[in-house]
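Welcome! Let's take a friendly walk through this structure, from the whole chain down to single side chains.

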Amino acid sequence: MTKQELIQQIKEKQSFLCVGLDTDINKIPQCIIDEAKAKDDEDYIFRALCEFNALIIDATAPYCVAYKPNLAFYEAYGVDGMMAFEATIDYLKEEYPNHFIIADAKRGDIGNTSKMYAKTFFEEYDVDALTVAPYMGEDSVTPFLGYEGKWVILLALTSNKGSHDFQLTEDNKGERLFEKVLKMSQQWGNDENMMYVVGATQGQMFEDIRKIAPNHFLLVPGVGAQGGSLQEVCKYGMTKDCGLLVNSSRGIIYASNGEDFAEVAAQKAKELQEQMAEELKLYNL
């Protein structure tokens, strides 16, 4: 998906919501588990993950523009989990082809290994975007940038407490590490094929990021369960083209653990979409 296609989807849906599919067999409703076991007790994990994801996607698709399955939640279940990941991607492509698909895998390794990771996600799974760790440098990132219409989403300033351990450290000129990442990476890619992960909990730091990367899309986790403010993110991070994909995972997909889980997820997604529509109006989008 190109940048203009993504912007068009945001305008049409009046939403820049990304739903995170952090699907944990220990958190999904018992009714899904029971149904999956009734069909095949030995293969219930695969069935349960697929069924839960499909119902969540059907419920939330009208209110979001992107989905972000987190690979850790699928790799943890071995072959069954990875089959569920692939089935979820296939379901999205068949039923909701206009939604942006992000594989949250945080890959990043030496060049020849990154080349194979890129082949995995952009050829085998054919997702739109992949999260990538930048700390091994240019040759670990550029293999992902050779695919037309595909995106690298580099970790820049994350929402976790430990982000302060390294990302905010300063060199002898006062430049913080995340600022160096933003500046240097723009020599490798551009705002048509590279985004940045910036945690919603970073608040006014979005101003500093926009000084360096004024036109890049930002993938913003941390709204909802992690306490980030949508209004604050928009105040400091929104651009004339929106420039934001705000992710919510637990706050939507686990809003209810009863039989009404899909209905409640839809309501939570709708609430966020309505808030986003108000923010977009301020920018005439």
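This predicted model has a chain with 13 helices and eight strands. Its radius of gyration is 18 Å, close to the 19 Å that the globule rule gives for 285 residues, so the chain is as compact as a globular protein of that length. Keep that picture in mind as you go through the points below.

**The chain as a whole**

- Along its principal axes, the C-alpha trace of the chain spans about 60 × 45 × 35 Å.
- Buried residues make up 54% of the 285 in the chain.
- Take the contacts in the chain with a separation of 6 or more: 73% of them are between residues 24 or more positions apart.

**One face of helix 2**

- Helix 2 covers residues 30–39, and within it I32, I33 and A36 are buried.
- Looking down the axis of helix 2, you would find its buried residues within an arc of 100°, so they line one face of the helix.
- Here is a handy idea to remember: an α-helix has 3.6 residues a turn, so residues three or four places apart point the same way.
- What covers the buried residues of helix 2? Among the elements that do so are helix 3 (44–60) and helix 13 (261–282).
- K37 has its charged end over the ring of Y44, 4.8 Å from the ring's centre.

**Cysteines without partners**

- A disulfide is a covalent bond between the sulfur atoms of two cysteines.
- How many disulfides does a search of the whole structure find? The count is zero.
- C31 is in no disulfide, and the nearest cysteine sulfur, that of C50, is 16 Å away.
- C31 is partly exposed, with a relative accessible area of 25%.
- For C234, the closest cysteine sulfur is in C242, at 7.1 Å, which is too far for a bond.
- C234 counts as buried, since its relative accessibility is 1%.

**Aromatic rings that pair up**

- A pair of aromatic rings is described by the distance of the centres and the angle of the planes.
- The count of aromatic pairs comes to eight.
- One of them is the stacked pair of F52 and Y254, at 6.0 Å centre to centre with 20° between the planes.
- This pair links distant parts of the chain: F52 is in helix 3, while Y254 is in the loop between helix 12 (250–253) and helix 13, 202 residues apart.
- Are these two residues buried or exposed? F52 is buried, with a relative accessible area of 0%, and Y254 counts as buried at 17% relative accessibility.
- F52 also pairs with F261: their ring centres are 5.3 Å apart and their planes are at 20°, so this pair is stacked.
- Distant parts of the chain are linked here too, with F52 in helix 3 and F261 in helix 13, 209 residues apart.
- Both F52 and F261 are buried.
- Elsewhere, ring pairs join Y74, F85, F121 and Y125 into a cluster.

**A closer look at F178**

- Where is F178 found? This residue is in helix 9, which covers residues 177–185.
- F178 is buried, with a relative accessible area of 0%.
- Leaving aside residues up to four places away in sequence, F178 touches A156, L157, Q167, L168, M205 and I209.
- F178 and L285 are 107 residues apart in sequence, and their C-alpha atoms are 29 Å apart in space.

Notes
Residues numbered from 1 in each chain as written. Predicted model: local features only at pLDDT ≥ 70, side-chain atom pairs only at ≥ 80, totals over all residues. Heavy atoms only, no water. Buried < 20%, exposed > 50% of the residue type's maximum accessible area, 1.4 Å probe, protein only. Helix = DSSP H or I, 4+ residues; strand = E, 2+ residues; numbered from the N terminus. Arc of directions from axis to C-beta. Contact = heavy atoms within 4.5 Å. Disulfide = S-S within 2.5 Å. Phe/Tyr/Trp six-rings, centres within 6.5 Å; stacked < 30°, edge-to-face > 60°. Lys NZ or Arg CZ within 6 Å of the ring centre and 35° of its normal. Rg over C-alpha atoms; globule rule 2.2 N^0.38 Å.
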